[in-house]
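Kindly read it alongside the sequence and the coordinates.

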Amino acid sequence: MKPTESYVVKNGKTDYKILLPKNPTEYEIEAAELINQFIEESLNVTFPVIQTDSIVAKDGKFISLGDTSLMRKSGISIAYDKFGESGFRILTKDDDIYLSGSLSSFRKGTYYAAQDFLKYTIGWEAYALDEIKYMKSNNMPLYDFDIVEIPEFDTRKYGLYNITSNVDYQRYMRFQIKNEERLPVSGHSHFEILPPSKYLVDHPEWYYWVNNYDYLAQPNNNKGQLCLSNQEMFEEFCRVLVEWFIKYPNANFVHLGHQDNQYLCDCQNCTDMKTEYNTKNSGLLVIFTNRVARKVSSEIQKIT
């Protein structure tokens, strides 16, 4: 990447506009706002923002964000199977700049491309919500961008409260926001997927209760677990997950975990399975989770 002889901003003036799709996603809108916020801080100028699907390259000079008609006509390929949710490309073509994540996603990559656009043009770097570096100037050259970034981890989450309580901070750090990519269950999800209140009466053999605990008399989910060796329970567990993935089409993973207690099923089938695999309770949980992953993935592939 190197500067050309042309300029995006020269002497505090610009001919460039930010181009968004006619119906932009949240991340595409946030990308435009991020660029204008810090370009104004750095260069005392903002780019007019337009939302349309009828622009062609000869209509002006554009910073194209996301799934614009200009992007689709450019011949630039940003396939989901390669770039995922977070990968992106920044490319200069003629006098236009294209910033985009993959087309079949939240367009998180587009927002991350906006961050890197600012990094290369004004030295932008976010260290914390209130500690952000950038340079001040009157000029911004047009760079000959050709940047591809495909992160090793497509999504990340960090549980520190001062980050999770602020959406801007999460975006700056490129963390997962509002659990938007996963099914809406906790890490201890087994009883959320197969709640005893729904299944216990008809299927008591699916559950284990410590010291013969009477759940029906005084419900407490943290007194029991699923019997991970029960095949009928496994089939229903997978069926429910497939239904949920259909209901939440943007979700691409789910947290699977037993209830938050130390009580684990000690029925003969579970004991025999641990002996067969030469493992203990943790190994049984891994075996169950892998079986669920294979079954649910296979069923979803049949549907899609």
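**Helix packing and burial**

1. Cys 270, Met 273 and Lys 274 are buried in helix α10, residues 268-276 (buried is under 20% relative accessible area, exposed over 50%, partly exposed in between, with a 1.4 Å probe and protein chains only). Because these residues cover an arc of only 100° around the axis, they lie on the same side of α10; the arc is taken from the directions from the helix axis to the C-beta atoms.

2. The model is predicted: local features need pLDDT of at least 70, side-chain atom pairs count only at pLDDT 80 or more, and totals for chains, interfaces and linings use all residues. Residues are numbered from 1 along each chain as its sequence is written, and side-chain values use heavy atoms, leaving out hydrogens and water.

3. The other side of α10 has Gln 268, Asn 269, Thr 275 and Glu 276 exposed. The buried residues of α10 pack against α11 (281-303), contact being heavy atoms within 4.5 Å.

4. Helix α1 (residues 26-43) and helix α4 (residues 108-122) have axes that come within 7 Å and cross at roughly 15°. This makes α1 roughly parallel to α4, a term for angles under 35 degrees. The crossing of α1 and α4 is right-handed, meaning that the near helix is turned clockwise from the far one by less than a right angle.

5. Residues of α1 in contact with α4 include Leu 34, Ile 35 and Phe 38; those of α4 include Ala 114, Phe 117 and Leu 118. By class, this contact of α1 with α4 has twelve nonpolar, three polar and three charged residues.

Notes
Axes are lines fitted to C-alpha atoms, for helices over the stretch in contact, and angles run from 0 to 180 degrees between N-to-C directions. Helices (H or I, at least four residues) and strands (E, at least two) are DSSP runs, numbered from the N terminus. Angles under 35 degrees count as roughly parallel, over 145 as roughly antiparallel, 65 to 115 as roughly perpendicular and the rest as oblique. Ala, Val, Leu, Ile, Met, Phe, Trp, Tyr, Cys and Pro count as nonpolar, Asp, Glu, Lys and Arg as charged, and the others, Gly among them, as polar.
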